[in-house]
Amino acid sequence: MALKTGLASAALMALAAAGCASAPGGAGPAGVEAAGGETARGARQRLRADVAWLADDAREGREAGTPGFDAAAEYVAGRMAEIGLSPGGDNGTYMQDVPLLAYSQDSNGGGTLEVRGVPEPGAFTRGESYMVGASSFGENVVVDEEVVFAGFGFVSPAHGRDDYAGLDVDGKIVALLPGAPKFLNSEERAHYGNTQRDRASERGAVGIITLTTPDRERVRSWESRVEQAAASRSVSMRWLEDGGQAFTTYGNIQAAASMGDEGAAALFAGQEMEWAEISALADSEQGDVPGFALDGVTARIAIESRHQRIDSHNVIGVVEGRDPELKGEYVVLTAHLDHVGVRQSVLEDDDQIFNGAMDNASGIASMLEAARVLAADPPRRSVMFIALTAEEKGLIGSDYFARDPTVAKEAVVANINLDMPIVTYEFTDLIAFGAERSTMFSAVEAAANARGLALSPDPQPEQNFFTRSDHYSFVKQGCRRSSCGRDSPMAARRRTRSG
Ligand SMILES: [Zn+2]
């Protein structure tokens with residue numbers, strides 16, 4: 001495996017962002033410049049050893065909150081100490097405690113959705129026409145309310161759009177098209193899609209039904225989503241606030257369900273606009289679909305969830321900057337340490353351990369190698385290296401750190417995130433998600449140019465990669481950031497599997 005390529009990207013990006021005097025253009029630190037000789041061989045061995053240890057069956061897929069993850073966290077802390085990083089966690093340790101709520105569907109089958117006031121109430125079958133997710137709101141949740149359709153729930157004064165205009169959703173269930181309109185650029189579209197629930201919650205909605213448009217169906221079919229949900233005994237997580245309540249940005253939303261094409265057709269049957277017309281409009285460039293209260297329709301969503309409090313950790317090490325003034329600023333290099341654990345594989349003859357060598361042991365190993373290079377020759381700014389927990393649960397560990405860092409929040413000036421630096425392809429280009437809209441772009445460009453790498457645009461905007469890894473947690477807190485992964489259609493496809 002051409003492991004040195006992943007290393008070069010991580011180290012170079014970090015050098016550029018940390019204000020290394022010799023990057024770009026000049027002679028970089030020996031560790032990077034000498035890649036090709038003894039140093040590269042050493043780097044390859046270290047990267048291979050780290051990936052092999054982290055992805056070993058004994059780690060059982062490193063799901064947050066499991067002994068396999070905890071062992072991996074101890075291993076990374078040990079490696080940080082060996083490299084000579086200072087502890088950057090709580091109380092002089094490498095660990096930042098991240099208290100979590102784990103919640104999942106109750107084992108007796110999960111939630112139900114009943115719809116009344118439609119011509120065919122019998123058309124709603126769990127696992128066929130609809131799915132209901134576990135709720136962090138409470139262990140037993142029932143919402144039984146009127147249903148209001150609000151298009152994409154897209155609100156942007158800059159674009160002159162408010163899909164909620166004239167609608168009263170207070171105390172009601174909102175039916176929404178998935179994601180955001182097509183005319184938005186890749187990052188905006190991903191961001192608006194990601195914050196749909198926030199806007200519904202702000203307006204008082206208590207439940208959400210997400211519909212499936214043909215556009216969404218092309219990204220991933222409803223059948224395969226249902227199949228995947230049935231196969232995985234998936235556990236969701238949120239971090240816990242000091243008072244013990246689960247943190248969420250959409251606190252009013254108690255229950256959420258999603259519906260396939262058939263369910264949506266039954267829901268809108270006989271209404272002022274039927275589903276065929278709505279879904280055709282949703283697929284248009286503007287996606288400007290007028291909302292309306294569904295005449296006489298109410299829905300009852302009932303969910304039994306199992307709640308459990310668990311503890312996990314972000315693992316944090318620091319290289320102090322050499323500039324007396326700039327060392328108070330931190331460039332944060334992140335990679336998630338967790339993967340999805342043990343679950344039923346959809347492949348025949350496969351075992352049930354999702355080892356996560358690519359996703360994201362490769363990112364952790366690359367980050368540690370970048371730390372080794374930078375520790376030997378510190379840049380002007382300080383660099384913080386974080387192996388994050390619970391990325392696979394919705395960017396939870398990074399959200400916890402970004403909102404409450406172990407250094408002053410203003411001191412965090414940039415984030416570079418490594419998620420699946422794919423090392424099985426020739427390293428020719430870099431896709432820096434979000435860099436174009438950050439002040440880091442010129443540094444990213446210069447670093448790429450210095451290595452003869454092309455900067456490529458997001459090849460699959462419909463996959464919403466911008467909001468699907470930990471850099472997005474820093475974006476939400478207003479930090480400059482960039483996620484660099486080497487990419488290829490295969491890499492992108494792999495990413496869709498594990499998000
Ligand atoms: Zn990942």
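Let us start with Ile209, which stands opposite Ala257 in strand β11. Strands and helices here are DSSP runs, numbered from the N terminus (H or I over at least four residues for helices, E over at least two for strands). This is a predicted model, in which local features need pLDDT of at least 70 and side-chain atom pairs count only at pLDDT 80 or more, while totals for chains, interfaces and linings use all residues. Residues are numbered from 1 along each chain as its sequence is written.

Two strands pair if DSSP finds at least two bridges between them.

| Partner of β9 | Sense | Bridges |
|---|---|---|
| β8 (residues 173-176) | parallel | 4 bridges |
| β11 (residues 255-259) | parallel | 4 bridges |

Is β9 (residues 207-210) covered or open on its faces? Both faces are covered, with Gly207 and Ile209 buried on one side and Ile208 and Thr210 buried on the other. Buried means that 20 or more other C-beta atoms, placed from the backbone, lie within 10 Å of the residue's own.

**The chain as a whole**

The chain has 15 helices and 18 strands, and buried residues make up 51% of its 499 residues. Two residues are in contact if their C-beta atoms, placed from the backbone, lie within 7 Å. Of the contacts between residues at least 6 apart in sequence, 83% join residues at least 24 apart.

**Helix α5**

Helix α5 (residues 186-194) is largely enclosed by the rest of the structure, because 7 of its 9 residues are buried. Among them are Glu187, Arg189 and Tyr192. The buried residues of α5 pack against α6 (196-202).

Leu368 lies in helix α11 (residues 357-376) and is buried, with 24 other C-beta atoms within 10 Å. Beyond its neighbours within four places in sequence, Leu368 is in contact with Asp50, Arg79 and Ile83.

The axes of α4 (residues 67-83) and α11 come within 10 Å and cross at roughly 20 degrees; these axes are lines fitted to C-alpha atoms over the stretch in contact, with angles running from 0 to 180 degrees between N-to-C directions. The two helices are therefore roughly parallel to each other, a term for angles under 35 degrees. Val76, Arg79, Met80 and Ile83 of α4 make the contact with Ile364, Leu368, Ala371, Arg372 and Ala375 of α11.

How values were computed. Buried ≥ 20, exposed ≤ 12 C-beta atoms within 10 Å, placed from the backbone. Parallel < 35°, antiparallel > 145°, perpendicular 65-115°, else oblique.
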